[in-house]
Structures are given as C-alpha cells and as structure tokens.
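The following exercises concern the sequence and structure shown below.

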Protein chains: 2
Amino acid sequence: MTSKIVPVILAGGQGTRLWPMSRATRPKQFIELMGNRSLFQQTLERLAGSDRYAAPIVVTNADYRFVVAEQAQEADIALGAILLEPVARNTAVAIAAAAYFALEQDADAILHILASDHAITADAAYYGAVGTAEAAARAGWLVTFGIVPTRPETGYGYIAVGEALPDGGNKVGRFVEKPDLATAERLLAEGGYVWNSGMFMIGASAFIAECEALAPETAAAARRAVELARTDLDFVRLDTEAFGAAPSISVDYAIFEKTGKAAVLPVTFAWSDLGSWDAVWSAHAPDANGNVVLGSALLSGTSNTMVVTDGAHVVVEGLDDVAIIASQDAIFVGRLSQAQRVGALVKQLKADPATQALTETHKTAYRPWGGYSSVLLADRFQVKRLFVKPGKKLSLQKHFHRSEHWVVVKGTAEVTIDGQISILTENQSIYLPLGCTHRLANPGKIELELIEVQTGSYLGEDDIVRTEDDFGRAG
Amino acid sequence: MTSKIVPVILAGGQGTRLWPMSRATRPKQFIELMGNRSLFQQTLERLAGSDRYAAPIVVTNADYRFVVAEQAQEADIALGAILLEPVARNTAVAIAAAAYFALEQDADAILHILASDHAITADAAYYGAVGTAEAAARAGWLVTFGIVPTRPETGYGYIAVGEALPDGGNKVGRFVEKPDLATAERLLAEGGYVWNSGMFMIGASAFIAECEALAPETAAAARRAVELARTDLDFVRLDTEAFGAAPSISVDYAIFEKTGKAAVLPVTFAWSDLGSWDAVWSAHAPDANGNVVLGSALLSGTSNTMVVTDGAHVVVEGLDDVAIIASQDAIFVGRLSQAQRVGALVKQLKADPATQALTETHKTAYRPWGGYSSVLLADRFQVKRLFVKPGKKLSLQKHFHRSEHWVVVKGTAEVTIDGQISILTENQSIYLPLGCTHRLANPGKIELELIEVQTGSYLGEDDIVRTEDDFGRAG
C-alpha cells in the first residue's frame, strides 16, 4: 500500500494588502474572508475531504503558533506537526525543512505544498488533479500546479507548458516573471501558458536531492534546523541559528527554475490567491451591479464595489469601483481596481507611531489561554472582555498601577488572590486590589467569559509582573 | 432706554442630510460639527458676544428639551425660556408663538429669529448688520437677512433687493423659489439678488399684526397655545390642541411673501446653513488638495474629499469628490458633490426595521440625569457606561429579567437597594440582584461615572418598572 500524501501548509504570510482586516498578529489566512471559516481552516477542510491525505504539517512562525493550534482544534482536524520558523527566510528553506522532517517518518513521503490563504473549490476536478500530480510526483517529477488563465493577469508569474509526460502533467517549458499588461495579453492570446499557483506536489527525497545539488546552502540549513529542532508543547521549533543561516530565497528561484525535473500540471478548478481586495471581490461572485457585500450595508446607485464591515452599517451612494473595508478601529476606502496599493499604505501606517498598532493588532488579541478585547478605554479606567478556554489558566501576576474588578458573565472562574482561591460563577464578581498577586483559571468544561474593569493611573499592558506561567512567559 | 433684542432660536430641526452624525434624537444642531462646541452652543455664544441681546428664547420640541438645557448649562449661558412645540408645524406658528410669549414681557420687544444650526462668523460685520436690522425693525419693518451670493447655489431661495430704506436695508423686490442651476447663474450674473438666510429681525407686535391679518389661523393657534401653556420644570409646554390646530406652513409663505412690510438687509458676513456634507466641507476651508478631515485619517492621492470620523482611523487612496462619514455604528460613503442625497437614504434606512434605530439614536443616549452608552452587547450580557450629573438621581426601579453589577470608575455613587443606602467611591462595586428595587444617585460635586454589567435572559430597555422618578416618568 502506498503511503498517504503529506500536506505541507505554508502559513507564515502577513497579507498586508488585505488590511485593515488582515493584520500582522492575525493575518489574512486566519480570518474569515470566504464564509465562516478562516482560509487556513478551509485549507484544512479541503484536505480532510479526501482520504488520500495524511495529517498535515503546518509551517508557520512562532507568533502564529497558538492561532494555528486553536483554529485546527476548532475545525476539529488533527495536525501532524507544527514547524516553527524562527525567522522569515522565504519558501525554499521552509519547504526543505518540511521535506527533511517528513523523511524522518517516511522515506517515500509525497508532499503536497499548499498556501494557507488561497480560495479553492474542492470539487472532483480538484481531487482529480491531486491524483494526477501525485502519480507524477511518485514518478520523480517536482510538480507545480499551473492554473489555466482566464484573464491577462499581471499579478502572477506564468509557466510555459512543455511536452506531455506519460503519467499526466507536462514538462516545464520556461518560467515567465510577472508580466506587464501587454505581455500578459500576448501570453493569453498565444495559449500554452499557465499561472504559477505556488502549489506543488513533490517527493520529499526527490526534492531534497535537487535541493542539495542546486541550493546546497538551503539544504544544509534546513537539514540542520530539523536535526537541532526542539519540541515545545505541540510545536517543533526549528533551530534558530541553523535556519537563520539559510539564504532568503523562494523555492521557484532556488529549485524549480533550475531543475530538470520540473513538471507542470495545467488545472482548471476555481482558484484565487485572494492577493488583494479586488481578488476577494472576484472570488465572491459579484451581483448584477458588480457589488459584493460582506456584512451589513445599503448600496444605492453603486456598482463594481466591495464593502466589508465588521459591525458598522455601511451606506454607499453613487459610486463606482470602490473598496470600503471597515474594521472596528480602521477603515479603508479606495479604488477597488487599485486595491493592491493598500500594501504601500500599510507601510506608511506602520512607519508612524500613531498608527503602527493598526497594522499589527486587531481589537481582539489572542493568547494561548484565550484572549481579550478592549471594549472601552478612558483616561483612568478601561473595560475589557476576557475569554478563557476550558482548562486553561493565565499567569500568576500582579500590577503596580491598577486595580481590577472581574464580573463573570459566562462559565466558571477560579480566582486566586494572594494564595486564597475563590470559585465564581455567572453573575458573581470579585475585586483585585492594586498590588495583589492573582491568577485566573477556567476549571470548567465551557468557555469562561468575564468583564474586567480596570482603574488606575496607568493601564498599559506592560504593567504586569508574571510569577508563574503555563506558557513560558514568566520572569 | 430701548430694551434689548430678544433672540428666538429655532432648534427643532432634524438635519437628516448630515446623517450618520445627525440623528433624530440628537440632530445636527446639538453635535460638534465646527469645533468643540455644538452649533446650538455656538449660536448661544454668538449672542453672548454682544450686550444688545437679552436672554434667548429657544423654541424646540419636547424630545430635545433636556439636551437644550444641558448644552446651555455647559456653555454657561442662561436661557430666557424654552418653548416646547407639542407637534411639528413648521416655522410660521413657532415664530408667532415666540412673539406672543415675548409680548407678555415687553410690548416693544424686538425679536432676532435665528436658526440653531448655522455657521456664522460673529465679526464686526455681523454685529453691524444686527444693529442695522434692529433699527429697521424698530421702524416697523419685518427684516430678512439676505446673504450676498458667492456662487450659483441651487439649495437656497433668493430675494430680489428692492429700493433702499432710510434707516438701512431695502424693500423686498420679490421672493424667488430655489432655482435650477441656469436660473441661479443668471441671478448671480444679473446681481441684486441675495440668499434667503432664514434669519429675521422683527418687532413682535408688528409681526403679530401682520400675522393676524395675513395668517389668522396661525395667529389664533399661536396665541391660544401660549395662553394655555403649562410650565413644567424649566420648560414652557405650548398647548398641544391649540398648537396642533395651526396649519403647517413656513413663515416665508405665510407672512414674508405677502406683507408690504418685508425688508431685506444684504449682508456679507461668513454664513453657511451647513445643509449637507458639502456645505460643512465648504465651511471648513479645505486644504490645497480640497480635502477636509475631522478626526484621524490618512489621505493619499485624494482630492475634494471630506472625512469625518468618530474614532476609527480612516485611510483613503486615489479618490476624488467623496464624503466618508464614519460614526461608531454607521458609515456613509458617497459623492461629496451629491451629499444632499443622504436625506433620501435616511428615509430608506428609517423604513427598514433593521436599520431604523441608526437614524434615531446615537450610541450614547442622553437623559435628564445624564446618560449612557452601550459599549458591549452580547447574548446574555451587556456592558454600559453610565454618567450621572452632580445632584441628579435616576428613577427608583426594578428589572424582572436581569441583574446588574455597578463598578464606580469616577466620582461618588449613592446606591439604594431595597431601602438600604450605600455610598460607593471610585473603584468600589455593588451587585443588584434580579428583582431588587434600586436607585442610583450622584450626591457629589463632580460627575459620577460607572460601568454597568448586566446579565440575564432579556436585556431590553423596556424591562424596567419605575416606582418614583424626578422627571415625571414613573407609573
């Protein structure tokens, strides 16, 4: 019996062009852009839809480790491993590390390399293509999925489709960099070109062999980072020094454009990289006026417009080709057809201390134990909503500048104040005087939710001294 | 010594075209559109800037009585009286009622009729014009302030300036309805026309005499509504039945277009009716790119655009001629040059039960004792921020479906629960079990602010039984 395909999901991207919904601490792949699951969860579900797949390996960075684990759990899909990149070094070394890691378990491992933030319709055409790609990969080919183009897109690289292979797929003719519009139109008119989707099907050992031959520094860094990796809770932390020594280079440049084993499988299933708001708009099937609305809105005399709103009701009158993306603390309004410009604006916001936080965090912050959102911040007090997952506890901590009231609104809280333990249920409250040592835990089976009212002269997150912590943040 | 001019401020309008900032329960005149005072407060301050004015009479409707009183108090300006219109009947009867009311105190009263929601620069030209208008009014003329036009505006009525009067001002040639653009351009080119500002200077008795002759039903309704008026706290409630019998007609149609005593005073001081967002934009002196920003925003490659935001940071890229008005729960985006269309959209929002509330209330509700805003509303709990003015108390009340926690974050609270009184200071909290009879009061000298956490199966405002109330809302 042949072993199952091992999916390798690359989930370390930042997706700045989908700001303000995508932010550094919780980017694009972890938010709900297409329905009520995140793109990462939809990626997991697509894999769960076929019994040809083994449990996926997720490659991400340390900042996203908890959200990866939490979203996989919420989607009820077991992960094979979560590999943590200590620094960002582009895709070549990330894939090489996943390949070395997979080889430790199975010398014949076939890897399906996937983005975590693409929209794909997982239909028969999709699973059929996966089967064809697997066969080609088992025959030793390094297979790229090539999307048959439907428009003269300038945002993707192209691949010229070469001679057909016996088991399906084709040799790669050549790689074409992201073209200008005239070139894109010519490629589309000529035919025989596909978009480089960034999805691959590869034998781990075949890939490693090519990598060692064509990109020895990358291979050496990846191998050593896996050998020296350290397991931490559910995570595999790749070695910082070894991984950091890798050149920052994409797998296309490092391997696929050089190897004689590159194959391409032209596919026609519905695919989008959701690279900017116009791509998200396009993936959502605009209505007769060309409008897409996610959230609550009223559009009048308006066409070719995308509205995304987190809560506020949006009313649009008499506009064409506009993107209106309204989060709770930041709103983007601009030309939908030029929505890729958001990336440059995010750089500008990030460079200004007054707006930097808007590029980094959402109003809700996620933590290993649950999370919180600030619902009201005033001069000398702040109101937060906290949620704590069943069985989790926060660090043992104290504050020098604020006291806190906790009112339990859902579930059960175990509160320790200066060594004294109290159990609070829904509708009970407790006072935490300034300077007390305290800890919050959820001993129950359902989520604990509480309202925290802080009062004091300084309410910053950094007024915290952690004495003990389940998540290695004390001291 | 001649008596002072009695200002009559008409403050009953709804200003729907400035939605979402202007809403039915707290419209345009009561919000801060030009600096950190409301337009109503700026109107009061303009009057306080001259010693020729007596304490103003405000004519408004019952819903606005507390906000009128509160804003006058905040601006530290004593009002002469607050006349409450029981129903909306346009300006003729409102002004007639104010005239009858003023005559009770002074048979020679000169009234300056003012809108509460215009922007006017109170400079020497302004006060000079007031003096000229007063002289003409004392000579028996019913004087309209006519703004010398600076553009072919189609949003205002025009007045042809007739022969000069001996004491300043001119006879009215004729009134011209709001013109189309071609007509407006012709009137501007011809010269001799001014905009009808809706501001008047009239002798109360001269006006009444004309009203009784030309609009006897209006005069009779106004006289009777004043005779039967009832004083309630600081308010004069005009009689509902009598006032309601008045025809709904503007003072222009009913009196000024018919009387032989109509005069017009052409003036050149800076004036705007702030009738829609483009007028607000214009009144704010746009920057070199034609942009006006009220609040926090980043504009890139954008021109002739108005951004108003209540909190969220707005980023605009590559647009021209756009209004972006972002309140906490509703956002308008449309052509700035067609901003008057907001009025029609508000009608549409009002007709839909799902969005009706967005046209009526702001997130913060004002009450005679202070007010509250809902900062978080979830399935089985709600968090509110309450503020109580010094010396005020809420009604004695109970709830059948919710219990409440109160955490004092500023000032001092006197809390009565089932007859037991507690005093709470900053940082203290108290629990109000479901069904208890309770009352909140602020016994202190500074504002009391508290966070209320409600939990229960039903959290509607109507789960309240009032036993006693300082503001006549019990039983």
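**Exercise 1. Determine how strand E17 of chain A pairs with strand E19 of chain B, and over how many bridges.**

Step 1. Strand E17 (residues 313-317) of chain A and E19(B) pair in the parallel sense. The pairing runs over five bridges. Two strands pair if DSSP finds at least two bridges between them. Strands (E, at least two residues) and helices (H or I, at least four) are DSSP runs, numbered from the N terminus.

Step 2. Within this pairing, Val315(A) has Phe332(B) of E19(B) opposite.

Step 3. Two remarks apply to every exercise. The model is predicted: local features need pLDDT of at least 70, side-chain atom pairs count only at pLDDT 80 or more, and totals for chains, interfaces and linings use all residues. Residues are numbered from 1 along each chain as its sequence is written, while chains are lettered from A and ligands numbered from 1 in the order in which they are written.

**Exercise 2. State the strand order of the open sheet that holds E15(A) and E14(B), and identify its edge strands.**

Step 1. The order of the six strands is E15(A)-E17(A)-E19(B)-E18(B)-E16(B)-E14(B), and the pairing is mixed.

Step 2. At the edges are strand E15 (297-300) of chain A and strand E14 (292-294) of chain B, each of which pairs on one side only.

Step 3. On average, neighbouring strands of this sheet are turned by 5 degrees against each other, direction ignored. For such angles, axes are lines fitted to C-alpha atoms, for helices over the stretch in contact, and angles run from 0 to 180 degrees between N-to-C directions.

Step 4. E15(A) and E17(A) pair in the parallel sense over four bridges. Ala297(A) has Val314(A) in E17(A) as its bridge partner.

Step 5. Helix H11 (residues 342-351) of chain B packs on the sheet and touches E15 and E17 of chain A together with E19 of chain B. The direction of this helix makes about 135 degrees with that of E15(A). Residues are in contact if their C-beta atoms, placed from the backbone, lie within 7 Å.

**Exercise 3. Explain why strand E14 of chain A and strand E15 of chain B each have one side without a neighbour in the sheet.**

Step 1. An open sheet of six strands with mixed pairing has the order E14(A)-E16(A)-E18(A)-E19(A)-E17(B)-E15(B).

Step 2. Strand E14 (292-294) of chain A and strand E15 (297-300) of chain B stand at the edges with a single partner strand each, so one side of each is left without a neighbour in the sheet.

Step 3. Inside the sheet, strand E16 (residues 306-309) of chain A pairs with strand E18 (residues 322-326) of chain A in the parallel sense over four bridges. There, Thr309(A) stands opposite Ala326(A) in E18(A).

**Exercise 4. Describe the contact between chain A and chain B.**

Step 1. The contact brings 43 residues of chain B together with 43 residues of chain A.

Step 2. On the side of chain B that touches chain A, strand E19 (residues 330-335) of chain B gives the most, with six residues.

Step 3. The residues of that side divide into 24 nonpolar, 13 polar and six charged. Here Ala, Val, Leu, Ile, Met, Phe, Trp, Tyr, Cys and Pro count as nonpolar, Asp, Glu, Lys and Arg as charged, and the others, Gly among them, as polar.

**Exercise 5. Characterise the packing of helix H7 of chain B against H3(B) and against H6(B).**

Step 1. The axes of helix H3 (residues 90-105) of chain B and helix H7 (residues 216-227) of chain B come within 8 Å and cross at roughly 50 degrees. H3(B) and H7(B) are therefore oblique to each other. Angles under 35 degrees count as roughly parallel, over 145 as roughly antiparallel, 65 to 115 as roughly perpendicular and the rest as oblique.

Step 2. Residues of H3(B) in this contact include Ala92(B) and Phe101(B), and those of H7(B) include Thr218(B) and Arg223(B). By class, the contact has eleven nonpolar, one polar and one charged residues.

Step 3. The axes of helix H6 (residues 204-214) of chain B and H7(B) come within 5 Å and cross at roughly 125 degrees. H6(B) is therefore oblique to H7(B). Ile208(B), Cys211(B) and Glu212(B) of H6(B) meet Pro216(B), Thr218(B) and Ala219(B) of H7(B).

Terms used. Contact = placed C-beta atoms within 7 Å.
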